[in-house]
Amino acid sequence: MHIVKKADEKIKPDTWKKTVDSDTGKKTVWFRCPNGHMGTLDDHIISYDGTVTPSVVCPEEGCKFHENIKLDAW
Ligand SMILES: [Zn+2]
């Protein structure tokens, strides 16, 4: 299990942050993979303890990040 830390102001690599989509008003979570690419967890389920299902694949073409992740301090 890959643990992803909660972001402060900046979303550094390997951190997550709650946000609201400015177009749809829908709540979502931003996530930056350890290689620095940004994605959302829109199409994932996040359990009460921060465990994300299914496993997360980085949206960046060529990035090999693919892990079962858990959001720290969810
Ligand atoms: Zn990546």
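Biologist: Which residues does Phe-31 touch, not counting residues up to four places away in sequence?

Modeller: This is a predicted model, by the way. Leaving out residues up to four places away in sequence, Phe-31 has these contacts: Val-4, Trp-16, Gly-39, Thr-40 and Leu-41.

Biologist: And how many residues make up the largest nonpolar core?

Modeller: Phe-31 belongs to that core, and so do Val-4 and Trp-16.

Biologist: What is the bridge partner of Trp-30 in E4?

Modeller: Start with strand E3, which covers residues 27-32 and pairs with E4 over three bridges, in the antiparallel sense. Trp-30 has its bridge partner in E4, and that partner is Thr-40.

Biologist: Now Lys-18: buried or exposed?

Modeller: Lys-18 lies in strand E2, residues 15-20. Around Lys-18 there are 12 other C-beta atoms within 10 Å. A residue counts as exposed at 12 or fewer, so Lys-18 is exposed.

Biologist: How far apart in space are Lys-18 and Trp-74, C-alpha to C-alpha?

Modeller: Along the sequence, 56 residues separate Lys-18 and Trp-74. In space, going C-alpha to C-alpha, Lys-18 and Trp-74 are apart by 9.4 Å.

Terms used:
Residues numbered from 1 in each chain as written. Predicted model: local features only at pLDDT ≥ 70, side-chain atom pairs only at ≥ 80, totals over all residues. Pairing = 2+ DSSP bridges. Helix = DSSP H or I, 4+ residues; strand = E, 2+ residues; numbered from the N terminus. Buried ≥ 20, exposed ≤ 12 C-beta atoms within 10 Å, placed from the backbone. Core = buried A, V, L, I, M, F, W, Y, C linked by C-beta atoms within 7 Å. Contact = placed C-beta atoms within 7 Å.
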